Amino acid sequence: FNKGAILDQLGHLEDAFTLYNELIERFGASNLPVVQESVAKAMFNKGVKLGQWGYSEEAITIYDELIERFSTSDLSALQGVVAVALLNKGVRLGQLGRIENEITVYDQLIHFFGKSDVSEVQKHVAMALVNKGIRLGQLARVEEAITVYDEIIQCFATSDVPEVQKQVATALVNKGARLGQLARTKDAITVYDELIQRFGSCDVPEVQVHVAMALVNKSIMLGKMGNSEDAITVCDKLIQCFGTSDMPEMQVQVGKALLNKGVIRGQLGHLEDAITVYDELIQRFSSSDVPDLQKQVGDALVNKDILLGYLTQ
């Protein structure tokens, strides 16, 4: 298994695949826990490779074999492998357009392992719930999606596992967005505030990005409600907290905050202040090769040009 994993890391994928097959064939019938764990991991890695090569159906078959063989095990390590196999199977089904089947697999994972106290398993349960919520939202089953996000928030609210915290933060952001879709603006802002309060001091980078997303979304909603000054205050808070980040995902949120702040300043008639904000965005991110930031810089340049036109009339 280790030799296969190393070959995998070195990019010798076919050689690694051959070793995984050899391991499965030679030791697949063993009932020794440590051997079963290696067999399960080899099967999982084999499934991953098949998926990467575009053989999604074959990958799903391997995951099914793994799940059938080890789903009743009470060994924590094996439960973790079965959980991630179910998760990957769901993702592959989604990529094949079989969305209802994808949701069914997530439900299977949640049913098997929803009460597990194993951190690695909890992570996959939380990810399955998030994926299910996203799919339900895409199917326009918005209320059901919100219910799923509530389940994540309730089940894992006290978790200190970084990957689980990330899923809770994702659930809160997505719940807020779905509430906004239903025109429940105040409820959405309450959810964003919950996220900000819960994770504002969290040092997990992916969670910080979700805090920034909540601040951006909150500022946009406040602006739509006519609370322009409050919206600007929220933008300033985001820029102050995360403005020096070198994470592209975070920089995108900072760019959104600056762009939103500039738009609101312009709407309030503070044209010179708005131009100053656009200049800050342009100066910060004009050399970025991140597509979203490039678009924001472009929008800032256009908006600035329009405002300069007003000032010279």
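Lys175 is buried, with a relative accessible area of 15%; buried means under 20% relative accessible area, exposed over 50% and partly exposed in between, computed with a 1.4 Å probe on protein chains only. The model is predicted, so local features need pLDDT of at least 70 and side-chain atom pairs count only at pLDDT 80 or more, while totals for chains, interfaces and linings use all residues. Residues are numbered from 1 along each chain as its sequence is written, and side-chain values use heavy atoms, with hydrogens and water left out.

Lys175 forms a salt bridge with Asp150, and the closest N and O atoms are 2.6 Å apart. A salt bridge here is a side-chain nitrogen of Lys or Arg within 4 Å of a carboxyl oxygen of Asp or Glu. This pair links distant parts of the chain: Lys175 lies in helix H9 (residues 162–181) and Asp150 in helix H8 (residues 142–156), 25 residues apart. Helices (H or I, at least four residues) and strands (E, at least two) are DSSP runs, numbered from the N terminus. Whereas Lys175 is buried, Asp150 is partly exposed, with a relative accessible area of 30%.

Helix H9 also holds Ala177. Ala177 is partly exposed at 38% relative accessible area. Its C-alpha atom is separated by 9.9 Å from that of Lys218, a residue 41 residues apart from Ala177 along the chain.

The search of the whole structure finds 19 salt bridges. One of them joins Arg141 to Glu144, with the closest N and O atoms 3.0 Å apart. Arg141 is partly exposed, with a relative accessible area of 28%, and Glu144 is partly exposed as well, at 38% relative accessibility. Another salt bridge brings together the side chains of Asp187 and Arg184, at 3.1 Å from N to O. Asp187 has a relative accessible area of 36% and is partly exposed; Arg184, at 34%, also counts as partly exposed.

The next topic is helix packing. Helix H11 (residues 205–224) and helix H13 pack at an angle of about 15°, and their axes are 9 Å apart. That angle makes H11 roughly parallel to H13. The axes are lines fitted to C-alpha atoms, for helices over the stretch in contact, and angles run from 0 to 180 degrees between N-to-C directions. Angles under 35 degrees count as roughly parallel, over 145 as roughly antiparallel, 65 to 115 as roughly perpendicular and the rest as oblique. The crossing of H11 and H13 is left-handed, a word used if the near helix is turned anticlockwise from the far one by less than a right angle, with right-handed used if clockwise.

On the H11 side, the contact is made by Gln208, Val209, Ala212, Met213, Val216, Ser219 and Ile220; on the H13 side, by Glu249, Met250, Gln253, Lys256, Ala257 and Asn260. Contact means heavy atoms within 4.5 Å. The residues of this contact of H11 with H13 divide into 7 nonpolar, 4 polar and 2 charged. In this division Ala, Val, Leu, Ile, Met, Phe, Trp, Tyr, Cys and Pro count as nonpolar, Asp, Glu, Lys and Arg as charged, and the others, Gly among them, as polar.

Ser219, in helix H11, counts as buried at 1% relative accessibility. Leaving aside neighbours within four places in sequence, Ser219 is in contact with Ala231, Val234, Cys235 and Asn260.

Helix H13 (residues 248–267) also packs with helix H12 (residues 228–242), at an angle of about 150° and with the axes 9 Å apart. H12 and H13 are therefore roughly antiparallel to each other, and their crossing is left-handed. Residues of H12 in this contact include Ser228, Ala231, Ile232, Cys235 and Phe242, and those of H13 include Met250, Gln253, Ala257, Asn260 and Arg265. The residues of the contact of H12 with H13 divide into 11 nonpolar, 3 polar and 4 charged.

The remaining values describe the whole protein. Its secondary structure comes to 15 helices and 0 strands. The C-alpha atoms fill a box of roughly 80 × 40 × 35 Å, taken along the principal axes. Of the 313 residues in the protein, 49% are buried. Among contacts with a separation of 6 or more, 56% are between residues 24 or more positions apart.
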